[in-house]
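Open the structure in your viewer and keep the selection panel at hand.

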Amino acid sequence: MRALNRRSFLGAACAGGLATTFAPSLSFARASTDRRFVFVLLRGAMDGLHAIVPAGDPHYRAARGSLAYAANDLTRLDGMFGLAPGLSPLAASYRSGELLPVQGLAIPYRTRSHFDAQSILETGLDKPVGAASGWLNRTLEVLGGASSQGIAVGGPLPLSMQGRVPVATWAPSALRSGNEAFIDDLSQLYNLDPVLADPFTAALTLQEQAMDMDAGGTSKRGLAQFEQLFAATGRFLNAADGARIASLEFSGWDTHVGQGLANGTLDRRLNALATGLLALKSQFSADAWSKTVVVVATEFGRTVATNGSGGTDHGTGGAALLYGGAVRGGRVLADWPGLASHQLFEQRDLRPTFDTRQLLKGVLAAQFDLRAAELDRLVFPDSQGVPALAGLVR
């Protein structure tokens, strides 16, 4: 492995000389912790009710209408929830205790704007203004501020990783060439504009979905990128001298139109996510995997009812996944609010029962032995009234 300082690393990455599709290899200084953490952001608002399906709710079928799954399409997890067909490859991970689905999760600020919601999710604040740094970067700072410990995989540096601690970025050259690189750079600009961000997200989702349906399967911005980027992340974090905190993000989850059921537009995307997570695990040694937690999250959920275009609109309560050898899984974490009309938030959305910061605090506290004061004031400022969820990590 070749040692690179951050300046030469970024220069090589920009020139495309560092990137390799199948065997990325970077050498960092030995990290101060042997535990690993990966944050996966699904941009566009994944429909949590379509992923972790509350088929046991007596109002499920009537509430979801044409988007209600048939019982035999699901992999049942317990008396209430089942995995969507696309996530069924993770069923064995659930049974072995490495998968913990979470339902009824939301950011603290009630909004249906992608721009505002993603800003809150990435900064870790309770409103969409007030910080130019992200909670992942502040976590790195609390851990000692070593520039060797963080890496953003697959594209430009996300807001969650921006801050005082230098963070490496890596993307395979095939993913950052020509028009693909231009779209990534354009996304960064549009995501800074509260007026243009949401329309751009919708347009990009349509483009992503069109590429997903490419029969040749050659699209690097479609579903083909999931396994590639997850596997690369696993190799980076598995190395003894590798990074310890990584971030990935995937767009294309804004399913206003033609969401579909088994093997539909969203289900194929969920299957790519599941396949990617398994590819991530395959790159770890047994010891390193036993110290790893992955959090998969999205900015908000979607409406309970189907819209007139066979999709769903921006909502509130959503779902997340915890995955990894260090996860205390094999159960669904939910304080289920119900799907009857009078139980919904503003009579249209799943009512949230967990603050996203509770989940993230619980993972970071256990994974990196962070104190409550560090989480409440530094990583998630002014969040003293938001208790960490306990029992998430072994």
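**The whole chain**

Bear in mind that this is a predicted model. Show the chain as a cartoon. There are 13 helices and 11 strands. Now colour by burial. Of the 394 residues in the chain, 58% are buried. Next, turn to contacts between residues at least 6 apart in sequence. Of these, 73% join residues at least 24 apart.

**Helices H9 and H10**

Select residues 224-238, helix H9, and residues 265-282, helix H10. How far apart are their axes? The distance is 8 Å, and the packing angle is about 25 degrees. An angle under 35 degrees counts as roughly parallel, so H9 and H10 are roughly parallel to each other. The crossing of H9 and H10 is right-handed.

Show side chains at the contact. From H9, select Phe226, Glu227, Phe230, Ala231, Thr233 and Gly234. Facing them in H10 are Arg269, Ala272, Leu273, Thr275, Gly276, Leu277, Ala279 and Leu280. Colour this contact by class: eight residues are nonpolar, four polar and two charged.

**Helices H6 and H13**

Move to residues 135-142, helix H6, and residues 372-379, helix H13. Here the axes lie 10 Å apart, at an angle of about 135 degrees.

Which residues make the contact? On the H6 side, pick Trp135, Arg138, Thr139 and Val142. On the H13 side, pick Glu374, Leu378 and Val379. This set splits into four nonpolar, one polar and two charged residues.

Stay on H13 and check burial. Glu374, Leu375, Asp376 and Val379 are buried. What covers the buried residues of H13? The cover includes H6, helix H5 (114-123) and helix H12 (356-368).

**Gln103**

Select strand E5, residues 99-106, and pick out Gln103 within the strand. Is this side chain's residue buried or exposed? Gln103 has a relative accessible area of 0%, so Gln103 is buried.

Find the partner of its polar side chain. A polar atom of the Gln103 side chain lies 2.8 Å from the backbone oxygen of Ile52. Gln103 touches Gly48, Leu49 and Ile52, among others. Further along the chain, its contacts include Phe81, Gly318, Ala319, Leu333, Ala334 and Trp336. Leu350, Thr353 and Phe354 are also in contact with Gln103.

**Arg35**

For the last stop, select Arg35, in the loop between helix H1 (6-15) and strand E1 (36-42). Its relative accessible area is 21%, so Arg35 is partly exposed; the cut-off for buried is under 20%.

Draw a C-alpha to C-alpha distance from Arg35 to Ala326. The two are 291 residues apart in sequence, but 9.1 Å apart in space. Then show the side chain of Gln367. A polar contact of 2.9 Å joins it to the side chain of Arg35.

Beyond its neighbours within four places in sequence, Arg35 is in contact with Ala326, Ala366, Gln367 and Phe368, among others. Complete the selection with Arg244, Lys291, Val393 and Arg394, which also contact Arg35.

Methods. Residues numbered from 1 in each chain as written. Predicted model: local features only at pLDDT ≥ 70, side-chain atom pairs only at ≥ 80, totals over all residues. Heavy atoms only, no water. Helix = DSSP H or I, 4+ residues; strand = E, 2+ residues; numbered from the N terminus. Buried < 20%, exposed > 50% of the residue type's maximum accessible area, 1.4 Å probe, protein only. Polar contact = N/O pair within 3.5 Å; in protein donor to acceptor, adjacent residues only side chain to side chain. Contact = heavy atoms within 4.5 Å. Axes fitted to C-alpha atoms, helices over the stretch in contact; angles between N-to-C directions. Nonpolar A, V, L, I, M, F, W, Y, C, P; charged D, E, K, R; others polar. Parallel < 35°, antiparallel > 145°, perpendicular 65-115°, else oblique. Left-handed = near helix turned anticlockwise from the far one by under 90°.
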